[in-house]
Amino acid sequence: MNSIHEITVKDRKGNAVPLNLYANEVVLIVNTAIKSTQTPQYADLQAIYRKYHAQGFEVLDFPSNQPTKSCPGTDEMIHQFCKDTYETEFPRFKKVKVNGDDADPLFKYLTEKQPGEITEDFTKFLVNKIGKVVARYSATTPFAEIETKIAEMLA
């Protein structure tokens, strides 16, 4: 596999979404959780999304109960929480596994390109317009650093 554009994921209702829909866009893929110490990052993700979306930037939200078991509930309940609490507007997908043999194919690909098991909620993968993974950020990476790279890639 040469890019994320060759992968199909499922939206929160279970419909297939080919990631080639995001060709020619800069994409930040995030494994999220609604009961994590990192959950307030939804506000930062929404701010970056709002600032750069019109320029060809997407945030793709993949809730996961891995690695910290901090994302209980159904896909719809998670979605409603994010909309009500953080007013998120970016796409949210079906809850996935991010580690192990049964990890979602997207996360297997991401961790192959940026090696290492995902050990925290809100690990972020930055993908360029041709679907190549260019960076991986921990939950503690300052958003200003991520935003600088996004702005460079959109220029």
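Two strands count as paired here if DSSP finds at least two bridges between them. With that in hand, hello everyone, and let's look at this model, which is a predicted one.

Let me start with the strands β5 and β6. They pair in the antiparallel sense, and four bridges link them. Within this pairing, V127 stands opposite V133 in β6. The hairpin the two strands make has five residues between them, and there G131 takes a positive phi near 90°.

On its other partner, β5 (residues 124–127) is joined to β3 (residues 26–32), again by four bridges and again antiparallel.

Now zoom out to the whole sheet. What is the order of its strands? Reading across, it goes β4-β3-β5-β6, an open sheet of four strands with mixed pairing. The edges belong to β4 (57–63) and β6 (133–137); each has a single partner strand, so one side of each is left without a neighbour in the sheet. On average, neighbouring strands are turned by 20° against each other, direction ignored.

Let's stay with β5 for a moment and look at its side chains. In a regular strand, as you all know, side chains alternate between the two faces of the sheet. In β5, K124 and L126 point one way while F125 and V127 point the other way. Are these residues buried or exposed? All of them are buried, the lysine included.

That brings me to the packing. In soluble globular proteins, nonpolar side chains tend to be buried together. The largest nonpolar core in this model has 27 residues, and those with the most contacts inside it are L28, Y42, L45, F57, V59, L126 and I150. At least two residues of this core come from each of β3, α1 (41–52), β4, α2 (75–86), β6 and α4 (143–154). Apart from that core lies another, of 21 residues, including V9, I29, I118 and V127.

Not counting residues up to four places away in sequence, V59 touches L28, V30, L45, Y49, F90 and P91.

Next, helix α3 (residues 105–113). Its buried residues are L106, F107, Y109, L110 and T111. What covers them? The cover includes β1 (8–10), β3, β4, β5 and β6.

I'll finish with two loop residues. T88 is in the loop between α2 and α3. Why does T88 count as buried? Its relative accessibility is 2%, and the cut-off for buried is under 20%. Leaving aside neighbours within four places in sequence, T88 is in contact with Y42, Q46, C82 and K83.

N20, in the loop between β2 (16–18) and β3, is partly exposed, with a relative accessible area of 43%. From N20 to N128 it is 108 residues in sequence, and 12 Å in space, C-alpha to C-alpha.

Terms used:
Residues numbered from 1 in each chain as written. Predicted model: local features only at pLDDT ≥ 70, side-chain atom pairs only at ≥ 80, totals over all residues. Heavy atoms only, no water. Axes fitted to C-alpha atoms, helices over the stretch in contact; angles between N-to-C directions. Buried < 20%, exposed > 50% of the residue type's maximum accessible area, 1.4 Å probe, protein only. Contact = heavy atoms within 4.5 Å. Core = buried A, V, L, I, M, F, W, Y, C linked by side-chain atoms within 4.5 Å.
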